[in-house]
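Here is a brief report on one protein chain. Sequence and coordinates come first, then the reading.

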Amino acid sequence: MKLSLSGFLFEDNYSSQSISFDEFCSLARDAGYDGVELRRTQVNPQTTTSQRRQILHTVRKHGLVVTCITARGLAEQDPDRQSSFESYLELCADLDCHLMKIGGNPSWLHHAAQQAEQYEVTLAINNHVGAPTETIAGTHQYLREVNHPNFGLLYDAMHLSISGEPYLECIDDFYPYTRNILIHSLRPANDDEIPTMEHRGTKWVSALPDERGVQDWPAVFARFKRLGYNGLVTVIESGWAAHKRKQVAYHCAKVLQKFWEEA
């Protein structure tokens, strides 16, 4: 397992980070992560060449790698879409990153995945409520439509589970496509709690991966490990108060490493 920490944990309103980049990387290394997933609030196509060099230097200084970036804000049609996509490929190259989270029209993604091979970048989409990949059937259909070996899945048990999907039973089928296992945990909210989100009439709150009522992460790991998975596992927890975020990062690393060893 290669454990990665996403900057999502320290993001405020999708617009800024609550800690410096050096502090983020230092914390990740100290907690036992192998890499970091970078958010748009940390790096994006508008980041200058010198800034990119400094970001990569900081990552490497702490013994980490950049595990994934997300292509956001792509235009719906070419040529703007293609130009924006290429700017993200160049960003991946500058950061020595080999995985890009992306969505869009499946027919276009087929060609995008082919182009990304030239940069040694794999494209992938995550399961997500309100998207074609919210369900198991929808995810299968999407992957069939893209139909390219350089396009895969970021397996997201949380989004599948709150949609009522059997997120454990589908692992055997999704294993060949899985490029990353995303870890963010929700449990049903108590009556006196302010929910993080509501879906299909159920209110959910952010929780630690070993709390009662969250997704069954030991079972997720056991199934993937049995199939031979030994790749990326990324903590993308969010919705935590700023003063709790560092503690969450440390706790998740410790618990997930234990789950993996015992799987």
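## Surface, fold and core

The protein chain exposes about 12,000 Å². Carbon and sulfur atoms supply 46% of that area. The model is predicted.

Charge comes next. The chain carries 25 positive and 33 negative charges, and their mean positions lie 3 Å apart.

Of the contacts with a separation of 6 or more, 74% join residues 24 or more positions apart. Burial applies to 54% of the 263 residues.

Overall dimensions are as follows.

| Quantity | Value |
|---|---|
| C-alpha span along the principal axes, protein chain | about 50 × 40 × 35 Å |
| Radius of gyration, protein chain | 18 Å |
| Radius of gyration, compact globule with 263 residues | near 18 Å |

The radius of gyration of the chain therefore agrees with that of a compact globule.

What lies inside? In soluble globular proteins, nonpolar side chains tend to be buried together. Here the largest nonpolar core has 83 residues. Tyr155 and Val220 have the most contacts inside this core. Helix α9, residues 245-262, gives the most to the core, with eight residues.

Which residues does Val220 touch, leaving aside its neighbours within four places in sequence? Val220 is in contact with Tyr155, Ala157, Tyr167, Leu168, Ile171 and Ile181. Tyr155, on that list, is the other residue named for the most contacts inside the largest core.

A second core is separate and has five residues. Among them are Val129, Met158, Ile162 and Leu186.

Conventions: Residues numbered from 1 in each chain as written. Predicted model: local features only at pLDDT ≥ 70, side-chain atom pairs only at ≥ 80, totals over all residues. Heavy atoms only, no water. Rg over C-alpha atoms; globule rule 2.2 N^0.38 Å. Buried < 20%, exposed > 50% of the residue type's maximum accessible area, 1.4 Å probe, protein only. Contact = heavy atoms within 4.5 Å. Areas by Shrake-Rupley, 256 points an atom, 1.4 Å probe, with all protein chains shown as cover. Lys, Arg positive; Asp, Glu negative; His and termini not counted. Charge placed at Lys NZ, Arg CZ, Asp CG, Glu CD. Core = buried A, V, L, I, M, F, W, Y, C linked by side-chain atoms within 4.5 Å. Helix = DSSP H or I, 4+ residues; strand = E, 2+ residues; numbered from the N terminus.
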